[in-house]
Amino acid sequence: MQRKLTLLRVTAYGLAVCFMIVMVVRGVWITRNQMEAEVDRSVAAAATLSEAMARAGSIDRLEVLAALNALAPAGVTYRSHALSAGPAGTGTGPGTGSATPGEVTEVRTVTTAGGKLRLMASIDHAAIWDRALRANLPFMLFVLALGLPTVVIFLYMGWLVNRPALLLLGFAQSGGDEDRHPPQLPGIWHSVLARLQELRGSRKQMQAFLDHAPIGMMFRHPTGKLIMINRYGASFYDMSADELTAQPISFFNVYFPDSKALAHPLFLDPLGGADTTVETEFHAPSGKIMNMLIKSFPVIDSEGKVGLVGNFFVDVTEERRARADLVESRASLQAFFDNLPGLAFLESLEGRIITANAYLADHFGLTQMRAEYLKGKSGAKLLPTSWSQHAKDAVTANQQDGKPYSFQTTIDLPDGQRHVSATRFPIRDADGKIIHVGGLVFDRTQEVAAAAEIAASRESLLQSEKLAAFGSMLAGVSHELNNPLAAVIGQTALLAEDLEGSEHAGRIAKIRRAADRCARIVQSFLAMARQKLPEYRSVNINDQVRSAVDLTEYQLHAANVVLDLRLDDALPEIEADPDQLHQVIANLLTNARQALETVSGERRITITTSRAGNGIRLSLADTGKGIDPTTRDRIFDPYFTTKSIGAGTGIGLSYSRGVIEAHGGTIGIEDAPIGTNFVVTLPFSRAAPAAALPISAATPALQGRALIIDDEPDVAEMLADMLSRMGIETTVAIGGVAGQAAMTGGAPYDFLLSDIRMPDLDGPALHAWIKTNRPDLVGRIAFVTGDTLSGIAADFLDGAQCPFLEKPFTPAALRTLVADMLRPSQQPA
């Protein structure tokens with residue numbers, strides 16, 4: 001401040017001196033310009049005069065010069081010199097009156113007179129300036145006489161008034177500088193200095209209080225200027241208090257983005273006498289953005305007017321952040337609390353519910369358990385009576401042992417029984433003291449049901465694996481049985497033809513029936529184990545019943561079960577998959593036999609077939625203990641069984657219902673006075689049944705040449721015998737390699753019969769070789785195999801599209817296959 005006042009004082013003195021100098025220079029400059037104008041007029045007049053004299057024809061050079069110099073103004077001298085002959089105005093030579101170097105400031109050629117005389121004007125500018133200064137000397141003396149006393153008065157007033165005022169101001173602004181002594185001032189200032197020292201002591205006390213206050217404080221003049229700010233407040237700006245008080249008002253706008261909007265609450269409203277509080281953003285010099293809470297108030301002076309505007313301000317950023325985090329945390333907790341898939345509650349140590357969510361009302365439909373109803377209620381009184389012991393144990397665990405308590409139980413609700421799990425746990429404060437108790441209750445009904453379903457699925461998978469293993473075993477056993485059975489059946493058929501009418505015909509017929517029965521049993525095994533899509537064709541239901549009886553006859557006889565067949569032979573055929581239908585009847589027979597094993601009285605199974613409307617009706621009744629109503633409702637559920645472990649899988653009846661319904665029929669249990677009566681209904685076939693054509697003994701003989709390839713010599717020879725009797729010339733190759741050798745020479749064959757599973761070269765490899773080396777035989781290959789169950793064989797037959805015959809087979813089946821292959825349409829072109 002002192003520097004500013006000193007600068008202002010020196011500027012004023014300098015301006016006064018400059019003003020005097022300017023006035024003097026201006027007067028001299030104006031006088032000089034006037035004299036220069038007079039010189040220009042004189043030169044112009046001289047030119048006019050000399051031209052006039054030249055036109056008069058008489059030129060007296062000395063007379064002209066004398067006249068011109070007499071009339072010339074100060075600083076101007078005219079000279080002339082004669083010109084040599086030539087055009088006027090072009091003469092050269094110094095002439096008379098040439099100027100002495102250094103005397104003439106400027107030389108002007110005025111004119112030439114008739115080519116005889118050149119007139120020149122010598123202008124001395126220095127002389128003109130000298131004359132102008134002498135002309136303004138009285139004015140300069142006047143200015144000095146007026147200005148110097150004024151400057152002296154200013155200097156005296158500065159020593160008497162300005163200097164003491166600045167010293168007092170500096171002393172007052174020194175604040176808490178205790179080492180600074182009072183300035184030496186004239187006597188008129190001593191009383192002011194004493195008062196200032198008194199005020200300075202009070203200010204030091206106030207400043208010490210303000211600087212150590214943990215809040216920002218500042219005072220502003222009604223003009224807006226910052227008068228005082230404490231140390232804490234100045235720290236927000238990274239400046240000292242003295243540096244801030246020296247800043248203009250606009251300096252603070254950059255720290256407050258809403259500075260225009262803050263003008264009223266921070267300054268104008270308090271200036272009008274109002275207290276205001278506002279919270280706003282403060283952008284610190286470091287770039288940090290703070291939330292600043294500012295309290296503004298008026299400071300009333302002794303005259304009752306607002307002398308200052310005060311502000312208290314404090315950084316509330318962390319407090320606001322903590323409050324926002326608390327609000328967010330509470331909102332998140334409440335959202336979690338409200339959307340928890342279970343009952344959540346908070347309870348006092350006295351057992352009163354403080355808060356709870358709406359799970360009971362929303363999930364279980366218990367409107368009397370709404371959240372607002374539960375508040376203040378006794379939790380123990382709301383619990384089911386079956387939970388009373390759990391409630392006591394939970395209180396003991398929570399409040400005495402300080403541990404959570406969990407349990408699982410069931411609860412009866414209007415919509416049924418529910419499985420629930422509950423947890424009650426203590427809630428502690430910061431000191432570890434238990435202040436509340438929390439609880440969670442979850443509905444585990446679906447989870448329990450899912451666990452039971454998973455267990456059932458696991459058992460189903462286990463049973464499926466068992467069945468798969470059983471199927472693989474059946475496939476292996478059947479394959480091993482098929483080859484010898486094929487030989488037995490084939491040779492028996494040949495013997496029957498050879499010994500027809502002899503005394504051995506009866507025995508051969510018995511052997512044939514036993515072999516056929518073995519074959520049917522093996523085929524039943526294969527049908528049960530084979531995984532294939534249903535193949536619908538015309539089926540006689542009675543044949544399927546007899547086939548199933550053949551399969552289970554030994555077990556029925558061993559269990560002392562009497563089988564009563566009441567079959568209607570007049571029934572038409574139906575469209576069905578014979579393998580699936582056979583398995584359904586076998587399942588029902590097996591279940592009935594197992595039910596009768598615990599009966600001490602008569603054990604009887606009655607199977608009846610009859611017409612029923614647009615279909616047939618098959619009933620299978622036993623004289624067992626029957627099925628109770630509860631079990632009857634679930635008897636067809638997958639994996640439901642009442643048998644002991646190892647005795648049943650629970651999939652037989654479920655499978656049977658699926659098969660019957662897929663055929664458009666029904667299966668169920670009818671009431672019976674004793675035992676159980678299963679009833680199956682199936683629709684009639686939509687196509688007229690084809691009449692069975694008996695094989696005539698006069699069947700015409702076949703002609704052709706065949707190659708038989710099989711690794712079993714008995715089967716190969718039996719095939720050769722059968723084909724020979726049909727009129728076919730045969731060649732036998734034992735094994736795939738032998739068959740390959742038989743074809744290598746290019747021998748002509750009308751058809752080939754080959755096994756699939758052979759140890760040296762199997763059917764697929766042989767087929768690939770034929771396609772490459774004997775393409776003429778590709779369309780003439782048929783396979784005779786007992787292994788259609790395996791995936792490799794089934795995939796090969798599907799891909800090769802070759803006809804095949806399953807072992808064991810009859811001569812009639814073989815003849816049909818050979819006849820088809822020998823048809824002209826079947827021969828390759």
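These exercises, with worked solutions, concern a predicted model.

**Exercise 1. The largest nonpolar core**

Task: Find which residues touch the most other members of the largest nonpolar core, and which element gives the largest share of this core.

Solution: 
- Start with the members. The core has 37 residues, and L581, L589, I605 and I607 touch the most other members.
- Pick out the main contributor. Helix α16 supplies the largest share, eight residues.
- Zoom in on I607. Leaving aside neighbours within four places in sequence, its contacts include V545, V549, L563, L565, L567, L589 and L620. D564, R566 and S619 are also among the contacts of I607.
- Look elsewhere. A second, separate core holds 25 residues, including A706, A782, L814 and M821.

**Exercise 2. The largest cavity**

Solution: 
- Count first. The structure has one cavity of 30 Å³ or more.
- Take the volume. The largest cavity comes to about 40 Å³.
- Assign elements. α16 (578-596) and β20 (677-683) each give two or more residues to the lining. The most come from α16, with three residues.

**Exercise 3. Helix α8**

Task: Compare the span of α8 with the expected value, then state which of its residues are buried.

Solution: 
- Helix α8 covers residues 317-339, 23 residues in total.
- From first C-alpha to last, α8 reaches 32 Å, close to the 33 Å expected at 1.5 Å a residue.
- Its buried residues are T317, R320 and F337.
- Those buried residues pack against β6 (276-283), β7 (289-300), β8 (306-315), β9 (343-348) and β10 (353-356).

**Exercise 4. Positive phi**

Task: Locate D238 and Q801, and decide for each: buried or exposed?

Solution: 
- Recall the background. Most residues other than glycine have a negative phi.
- D238 has a phi near 55°. D238 sits in the loop between α5 (231-235) and α6 (241-245).
- D238 is exposed, at 55% relative accessible area.
- Q801 has a phi near 55°. Q801 sits in the loop between α22 (791-800) and β25 (804-806).
- Q801 is exposed, at 65% relative accessible area.

Note on methods
Residues numbered from 1 in each chain as written. Predicted model: local features only at pLDDT ≥ 70, side-chain atom pairs only at ≥ 80, totals over all residues. Heavy atoms only, no water. 1 Å grid on protein atoms, 1.4 Å probe; cavity = no way out; pocket = protein on both sides within 12 Å on 5 of 7 lines; lining within 4 Å. Points joined across faces, edges and corners; volume = space filled by probe spheres on them. Helix = DSSP H or I, 4+ residues; strand = E, 2+ residues; numbered from the N terminus. Expected span 1.5 Å × (residues − 1). Buried < 20%, exposed > 50% of the residue type's maximum accessible area, 1.4 Å probe, protein only. Contact = heavy atoms within 4.5 Å. Core = buried A, V, L, I, M, F, W, Y, C linked by side-chain atoms within 4.5 Å.
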